[in-house]
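Reader: I would like to learn how to read strands, helices and their packing in a model like this one. Could we go through it feature by feature?

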Amino acid sequence: MASNEEILAGLAEIVNEETGLAPEAVEVDKSFTEDLDIDSISMMTIVVNAEEKFGVRIPDEEVKNLKTVGDAVSFIAGAQA
Amino acid sequence: MTRKVVITGLGATTPIGGDVPTMWNNALKGVSGARTLEDEWVATYELPVHFAARCSTPALEVLSRVEAKRMDPSTQFGVIASREAWADSGITEIDPDRLAVAFATGIGGVWTLLNAWDTLKEKGPRRVLPMTVPMLMPNGVAAAVSLDLGARAGAHTPVSACASGTEALHLGLELIRSGKADVVMCGGAEAAIHPMPLAAFASMQALSRRNDDPQGASRPYDLGRDGFVMGEGAGALVLEAEEHAIARGARIYGELAGTSVTADAYHITAPDPQGLGATRALKAAMFDGRIQAEDVVHVNAHATSTPVGDKPEYTALRASLGNHIDNVAVSATKSQMGHLLGASGAVEAVLTVLAVYHRKAPVTINLENQDPEIPLDVVTSARDLPAGDVVALSNSFGFGGHNAVIAVRSI
């Protein structure tokens with residue numbers, strides 16, 4: 001079980017690895033597409049890496065609902081619970 | 001009146017230099033880029049060949065990590081060479097609709113394909129990267145170069161095994177002559193030093209087994225030749241309509257005077273022993289460039305160092321140039337950098353252009369006992385080429401019976 005802070009930090013690391021964005025730019029209110037300029041292919045890579053890192057399953061149909069970094073943190077936290 | 005096409009930019013990343021100045025310097029000195037492979041997989045799979053010629057500058061020293069992540073290694077090399085050629089051309093403004101790409105590969109994204117297959121078997125479909133398809137597709141390199149330069153007049157990928165890089169120049173010339181583009185980024189890229197292609201080429205007895213002497217293994221025309229040495233890398237050339245180059249005051253290296261492509265229709269891998277397809281290609285390229293045998297002073301030969309391949313090329317050269325071939329300085333640069341497969345024609349084109357521009361023929365190393373059946377005048381130490389109007393040829397032949405020839409004329 002990871003705290004929301006730990007999930008955010010882990011996600012920021014994954015986003016940095018995939019896109020080169022500074023981890024501190026990955027904030028809870030940021031939109032993956034609008035603010036972070038992450039395309040759908042990068043998003044899928046991030047999702048799969050997050051599944052492995054946090055030991056959760058993020059169904060494909062759920063990915064479109066993960067609009068902001070906060071959405072992803074909440075989903076992962078919920079899936080771990 | 002046919003549009004004249006000139007070469008205004010050069011780029012390369014190869015086993016004997018990560019950029020054009022380093023490669024050229026080494027090509028005149030005569031060095032070998034072949035090394036024993038330190039990778040674990042050589043022993044794991046008990047590969048019969050333990051060496052290859054890797055690029056002297058790893059792609060990750062040039063590209064950013066994030067940039068490289070989305071490219072197969074072959075595409076990484078292609079983009080590196082293309083950027084160098086583009087900067088070298090000095091083009092700062094161009095109508096993107098008049099800029100095309102013709103960037104070849106022989107095998108394409110073989111690392112990406114096989115890594116994805118390993119991932120599927122070991123971790124399941126969910127872990128197969130979403131970028132797998134665009135990274136493994138053979139047009140990946142042309143597409144990446146087109147994106148990088150903003151080239152919108154078409155991005156093409158000629159695929160004809162080891163003739164691919166030369167065929168890209170043939171296509172580039174046609175695109176400019178026909179008026180479809182004013183500038184074409186041409187080239188070839190390959191990154192196939194992976195255990196599977198090494199095993200496959202070894203299995204067909206195409207690779208040298210000189211494991212105790214990697215640097216002496218690629219020895220075109222030598223009696224002791226026993227196969228080629230796998231290389232990797234990319235070459236890139238900016239082709240430009242002459243009037244376009246003159247209008248912007250470009251530095252012009254030379255003219256791409258003529259090209260041709262023929263097919264043997266003889267055997268899927270063996271070259272026609274009489275070199276008939278190669279002869280037709282040589283004659284057609286010379287006809288295309290209005291070139292007489294006497295104009296030719298230098299040939300960058302295909303010469304891969306296989307027992308069966310080197311001789312038919314000699315036969316074709318004599319059939320095309322007649323006894324004038326005795327006056328031609330022939331360089332077999334695969335002796336230094338190994339065989340870059342689909343990139344070899346592009347890299348050798350860069351060397352051929354530089355030979356004409358600097359009037360120097362690069363070196364053939366490891367020629368100790370020249371095969372008496374191949375009495376060519378082989379350049380074994382850097383040699384000056386004559387002044388005046390001269391032409392140099394570069395040949396490439398590929399599995400499938402593909403023959404491609406380019407002719408470069410001095411300006």
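Reader: Which residue does B:Val183 stand opposite in β7(B)?

Author: Two strands pair if DSSP finds at least two bridges between them. Here B:Val183 stands opposite B:Glu240 in β7(B). Their strands, β6 (residues 183-190) and β7 (residues 233-241) of chain B, pair in the antiparallel sense over eight bridges. The names come from DSSP runs numbered from the N terminus: helices are H or I with at least four residues, strands are E with at least two.

Reader: Before we go on, what should I know about the numbering and the model?

Author: Residues are numbered from 1 along each chain as its sequence is written, while chains are lettered from A and ligands numbered from 1 in the order in which they are written. This is a predicted model: local features need pLDDT of at least 70, side-chain atom pairs count only at pLDDT 80 or more, and totals for chains, interfaces and linings use all residues.

Reader: In what order do the strands of the open sheet in chain B come?

Author: Its 10 strands run β5-β4-β6-β7-β1-β8-β14-β13-β9-β10, with mixed pairing. At the edges are β5 (155-156) and β10 (329-331) of chain B, each pairing on one side only.

Reader: What are the pairings of β13(B) with β9 and with β14(B)?

Author: With strand β9 (residues 296-300) of chain B, the pairing is parallel over four bridges; B:Asn300 stands opposite B:Ser394 in β13(B). With β14(B), β13(B) pairs in the antiparallel sense over eight bridges, and B:Val391 has B:Arg409 as its bridge partner in β14(B). β13(B) and β14(B) form a hairpin with three residues between them, and B:Gly400 in the turn has a positive phi of about 105 degrees.

Reader: Which way do the residues of β13(B) point, and are they buried or exposed?

Author: In a regular strand the side chains alternate between the two faces of the sheet. A residue is buried if 20 or more other C-beta atoms lie within 10 Å of its own, exposed if 12 or fewer, and partly exposed in between, with C-beta atoms placed from the backbone. From β13(B), B:Val391, B:Leu393, B:Asn395 and B:Phe397 point one way, B:Ala392, B:Ser394, B:Ser396 and B:Gly398 the other, and all are buried. Eight of the eight residues of β13(B) are buried, so this strand is largely enclosed by the rest of the structure.

Reader: Which helix is mostly covered?

Author: Helix α7 (residues 140-149) of chain B is mostly covered, with seven of its 10 residues buried. Among them are B:Val141, B:Val145 and B:Leu149. Just after α7(B), B:Gly150 takes a positive phi of about 70 degrees.

Reader: At what angle do the axes of α1 and α2 of chain A cross?

Author: Axes are lines fitted to C-alpha atoms, for helices over the stretch in contact, and angles run from 0 to 180 degrees between N-to-C directions. Helix α1 (residues 4-19) and helix α2 (residues 40-54) of chain A have axes that come within 10 Å and cross at roughly 135 degrees. That makes α1(A) oblique to α2(A), since angles under 35 degrees count as roughly parallel, over 145 as roughly antiparallel, 65 to 115 as roughly perpendicular and the rest as oblique.

Reader: How many residues does each chain give to the contact of chain B with chain A?

Author: Two residues are in contact if their C-beta atoms, placed from the backbone, lie within 7 Å. The contact takes seven residues from chain B and six residues from chain A.
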